[in-house]
Amino acid sequence: MTGKHHLEVAVPLDRTISLNVHNRQGGAAAASRSPSSLKDRWYSFRHRPGGGGGDQRRRSNVEEFLFMESLPDTPAADEPPSAAGQEIELSITIRKDTIRRDLMDSMRTCNGRLQLMELVELDEFDPGGVHPPPNQSELDRLLCWAVYIGAPTECLDTLHECGANLHYSHCGNITAVHLAAFMGNADALRWLIKKKCDMDTIQSGYTPLHSAVMGNALETTKILIDQRCKVTDTVLHCAVQANAVECVKYLLNIGIDPNTLDTSGNTPLHLAADKGYTECLKLLLARSNKTINLNSKSRQSTALHMAAENGYTECVQILLHTGSSHSAVNYKNQTALHLAAKAQCAESVVILLELGAEVNALDIDKRTALHSAVCKAYLSFHVVEVLVKWGANVNIKDRYGYAPLHIAALNELSQCVDFLIIKGADISSRTVGGMSALSIINRKTPTSINTIKKKFDQAITLNDQASAKEVELIMDFRYLLQNPSQGEIILLHTLEECGQKAMLEHPLCKAFLYLKWQKIRRFYFVRLVFDAIFVLLLTTYVMTALAHDCYNKSRNLTDKKKITHSQELNELENQNACRLNVNVFDSQLISHIIIEFVWYILLIFTIIIIIRKLIGTTGFTSVKQYFLNITNIVEWFVVASVFLTSFLYGNKTYDWQNPIGAFAVLFGWSNLMVMIGQLPIFGTYIAMFTKVQKEFAKLLLAYSCLLIGFTISFCTLFPTSDDFNNPLIGIAKVLVMMTGELDIDLLLKSEESPIIFNVSAYITFILFIVFVTVVLMNLLVGIAVHDIQGLHKTADLSKLVRQTQLIHSQEQALFQGCLPRRVINFFNWSARVTPSAYRVVLYVKPLNPTEKRLPKYIMEDALNIARQQRLNTVDYKQAMLENKMENKALVEEIKQLKEIVQNQQDLLLKLINKSS
């Protein structure tokens, strides 16, 4: 056995975490195959027996050692034995060279002579023939070298007689006893025993027995056991960690307990499962399965967790069939299925599911195995496919609101994203922070947008069971209704919100919007009438109580100094009334009692609006998002103005309330205009207004310096004018002149000034006309016309977008609040397309003139898509049939080629035999 096992000098000992075997080809055979890279042959240990435990920092590359397995697992059946043998020999050669180099480096560090090591290796070492004689450092290292190379005992005697120290610790970690035990050098070990060397000496936490089992040196292990060496609890751990199958079998046979724990709380079974050593695993389980479901200390993992985490399919299968629990959880509340999915080992996932593992089990973060499967890119699609096939919920969210679709899109797994969408994943699903899955798909996997379109197309089909005389369409809206808690329109709203507005023109979307509007429009009109009444009441109160000061006059609270002579006559005529002249009506007398009555009615409407607004806040994810909506700010200002303009402060109104009332009325009517503009019939005109308004604001900002310059010039040239004696009034006058209202009187009044002022005034005025009134205003008109033409071109799409926004806002108001159950049930019955259940399939006859449930243009577009779907299906089936025929012909050709090659080989063999 000498020269078959080698000691590697490397990094500090530590229990490494096994990585996934990235070259796994699948199947049990591949899973049982031992790692082919040298990296996977290294093993280390966190705690050493008698060593005090704890991790240590690496001081040099030779301070501590770790052992590598002596032989790999049994090679796979499809692997040639010669290839496995060559691999083993290559590994042995590399390890021998590494140890040789380390021993030589040690000789150099003490200024020793490498020629002496060569003489020992050639069995030509003669102490008397060496000049000068070897010193103590050289003798100590030569003794370790002799044990390493398996030199005869005579050479060891010679070195010992020359004074070599038998207890010398090579590099502070390895004595000759440890080296002989690990290398399987039985002769050297017996010789050291005769020399009374301590067989229980501990170096860096390891006894010679540990070294022997880690080298899978069965003979030296038996020698040490026969010498009654101390057998610690971790000897079996070391044997398993080194995959020393023969030593494991021997230790179990002599009665070593396979259920002992090391300082990390791991049993030998944990280590075998963690490394994927199937032979050791079988031996341990055959002896005892008492600790098969025991959790380790560090991560509370069972042996099944460790095997599943590293993708060792055969180990998973063995453990499950031996009684391991697939429902056991680790410190993160993860089952073995979570870890197998994360390791992307589809074979282990299938085995776990077949034996009853819960496919939708939740971990500590409320994530399922499907969440784990899409965390990595390698082989994720196959695992996702298996999990969904076994019933994994594609829309389940973790504690942060992330569904598997979110994670797959974030990791740019386009194939998984497409598959999840096809299987019904909700693209409108949102995280706790309000980020939708579609927004991530837009940025990370934009090609998956086409899959959503295909999903819409698949929802429109022709009814094959309908009468042959009449075409019938099936429109399946179930894909649009996946998130009922957020409303029926949430998916279409997400498309609009994420910039995929063009998808609203799909017949499926247009049909659903049409049906939804028929159901919810009654609530819109009720709200519109309610808000209109509120604005009228507010206007009435502001006009009477504030604009004409009727409240104070009717209560005789008006400041006498500000009352004119005609007002005094009116007050004398009726002390308890206020005369308000309106063009449409005759003079009317308004009492303060009427004003108070109007305000109290207005207060009732205001309280209802406050309740509605507070309930509507539940539809927003944060306060910031709520107040970023300009409509909410405007409505709250109007609501607040009702209280700010009240007469309750001292039973009178004040002058400072007038501007508040003026802005409140302006904002109230503006908000009412926006509400009316949400109607599809008026939406285009409101969109024109807002679009031109934005462009004018940009243009005004761009040319603001020019307008300010003209304002200051006019203030300088016409200082006596009432319009330009104040720059603030001057800028307003310039804006008026900008529209074409030119004031020529300014030039006439300046003729009395010196001629130089007159010339300057004329030049400035003409420049203003050219650059502002002519150029700037024509530019604004041109931009407005261009934008309006563009809006007309996209009028249909804009109508769908506005309709989606309107329906979404109505659903937010109706379903997002904490309303009584009876009220919610009423809204469900009257405002939802599907009040009883969230699945709806609509059957329509597009060619029947009596079909009125959908507009004709929507049914025609849907019919075209359904026919195209039918043609694609026929073409696909025909292509598959042709492909099958081609494959059959190809198989026949291959068979003929095989026969020809076989005949040629037979003929060649005959010729060779004849020639020999």
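## Ring pairs in a predicted model

Phenylalanine 667 is partly exposed, with a relative accessible area of 29%. Keep that in mind for the second exercise; the model is a predicted one.

**Exercise 1.** Work out how phenylalanine 456 and tyrosine 479 pair up, and where they sit.

*Solution.* Start with the whole structure: a search turns up 21 aromatic pairs. In the pair of phenylalanine 456 and tyrosine 479, the centres are 5.9 Å apart and the planes make 70 degrees. Planes over 60 degrees apart count as edge-to-face, so this pair is edge-to-face. Next, find the two residues: phenylalanine 456 belongs to helix H23 (residues 449–458), while tyrosine 479 is in the loop between strand E4 (473–476) and helix H24 (490–497). They're 23 residues apart, so the pair links distant parts of the chain.

**Exercise 2.** Classify the pair of phenylalanine 663 and phenylalanine 667, then check how exposed each one is.

*Solution.* Here the centres are 6.2 Å apart, with 40 degrees between the planes. Phenylalanine 663 has a relative accessible area of 46%, so it's partly exposed. Phenylalanine 667, at 29%, is partly exposed too.

**Exercise 3.** Describe the chain over residues 880–914.

*Solution.* First, check the record: an unreviewed UniProt entry lists these residues as "coiled-coil region". Then look at the model: residues 880–914 are 100% helix and 0% strand. Their end C-alpha atoms are 51 Å apart.

Definitions and conventions: Residues are numbered from 1 along each chain as its sequence is written. This is a predicted model: local features need pLDDT of at least 70, side-chain atom pairs count only at pLDDT 80 or more; totals for chains, interfaces and linings use all residues. Side-chain values use heavy atoms; hydrogens and water are left out. Rings of Phe, Tyr and Trp (its six-membered ring) pair if their centres lie within 6.5 Å; planes under 30 degrees apart count as stacked, over 60 as edge-to-face and the rest as tilted. Helices (H or I, at least four residues) and strands (E, at least two) are DSSP runs, numbered from the N terminus. Buried means under 20% relative accessible area, exposed over 50%, partly exposed in between (1.4 Å probe, protein chains only). UniProt positions are given in the numbering used here, feature names are shortened, and annotations may be inferred rather than shown by experiment.
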